Amino acid sequence: MTRTEKLLAELIALPSVNPAFAPQSLVGTARRTVRWEAELPPDARAARPYLFVGEKRMADFLASVAARAGLEVEFQKVLPGRSNVMARLLPRNKIRQTILLAPHLDTVGGDDSQFVPRRENGRLYGRGACDTKGSVAAMLTALCELANTKSRPQETEIVFAGLVDEENAQAGSRAFVGQASSLSPCFKKIRDRRDACPTALAIVGEPTRLQVVTAHKGSLWLQLETHGKAAHGATPQLGQNAVHEMARIVDLLETDYAARLRRHRHPLLGTATVNVGTIHGGAQPNIVPDRCVIAIDRRTLPGETEAGVRREITALLRAKRLSAKISSTKLAPCLPLETNPKLPLVRQFLRGVGQARPAGVDFFCDAAVLSRGGIPSVVFGPGDIAQAHTADEWISLDSLERGKNLLLNFLKSLP
Ligand SMILES: [Zn+2]
């Protein structure tokens, strides 16, 4: 068993489910009082709380692994009981550039069996195996091994940053670059040095099948609300049916609007999309509904903004004489990512991985947040997103080890 695989198995056995995903079905199982109970959603408080405080245990565990390898360790408090963990390898000489290795610590939920790592046919099964404890294991192992080689960089600082809450609201990466309560001292140093070292690069760990990804779509969740006039079901002509109005809007979004989005194609990402995900309206058959609400997921391309999308939908509705109130349902926007593939460090990483052209992916991740914070970011990691969030999540052990080696070789090639 390699060091990377051993670390990954240990991480799978330390559940770190994002507290936002505590499912209703868990209510009623054994109650255990924990220090961080107050921050759990109400329906999770009585559930398996040990599952939902795991980001902290994982951060502590990674800190001890890093400290044993001689790395400098630092925590950044993000939310009660939830901290980013940073491990830094300093160069012998003056720092000229910084490389950030930034995977997330949290996972989506799973059943008990998924927190027991299982090896089978060259794969390691378990929650987080590919999303994204595989990247955590590959990145931290690469850094620990680098710390113990003679060929470590002389002028490049390398920082491993394990970030909390990527799967829900990206509070970890937002706090890291200072969009939340406190700015991490680690980022402050990177930012203060930016003029002197403009070439910092973040490699965000996600399962990309070891492809260097420079672009991903953003995600907007919008709520549309129609209003009518209630009346008795026996005299519908006296009312105004909000569900009927919404039915026309749903049809318009799924046909005309979707077709319009398909006309613009991004070279790495394809087209923007729209999906009507939920609909709620009406109380009972014999009342004309006076209100109907839908929630849509609009995946955006680089350059598109929330304000622009709202304007686009409002104009489309107006042209068809329809009207709805539009509001956003996300706490913070998930922006698209587009990093210039010609940046020297990105080119060097692409060369090191043996990839001729950068790739794009559909899914959103911390890279957009870090990039927005001023750190050029790419996404890279072992495993395939197709296995992420599934009931039998796994990672290929070959991909895991190759990922660690590609990262290690890239870090060794830095000045
Ligand atoms: Zn992920």
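Of the contacts in the protein with a separation of 6 or more, 76% are between residues 24 or more positions apart, two residues being in contact if their C-beta atoms, placed from the backbone, lie within 7 Å. The structure is a predicted model, in which local features need pLDDT of at least 70, side-chain atom pairs count only at pLDDT 80 or more, and totals for chains, interfaces and linings use all residues. Residues are numbered from 1 along each chain as its sequence is written.

The protein has 11 helices and 16 strands; helices (H or I, at least four residues) and strands (E, at least two) are DSSP runs, numbered from the N terminus. Among the 415 residues of the protein, 45% are buried. A residue is termed buried if 20 or more other C-beta atoms lie within 10 Å of its own, exposed if 12 or fewer, and partly exposed in between, with C-beta atoms placed from the backbone.

Several local backbone features lie in loops. The peptide bond joining Asp131 and Thr132 is cis, with omega about -5°. Thr132 belongs to the loop between strand S5 (123-125) and helix H4 (133-147).

A positive phi, near 60°, is found at Leu210, a residue other than glycine. Leu210 is placed in the loop between strand S7 (201-205) and strand S8 (213-216), and counts as buried because it has 20 C-beta neighbours inside 10 Å.

His389, also a residue other than glycine, has a positive phi near 65°. The loop that holds His389 runs between strand S15 (377-379) and strand S16 (394-396). With 15 C-beta neighbours inside 10 Å, His389 is therefore classed as partly exposed.
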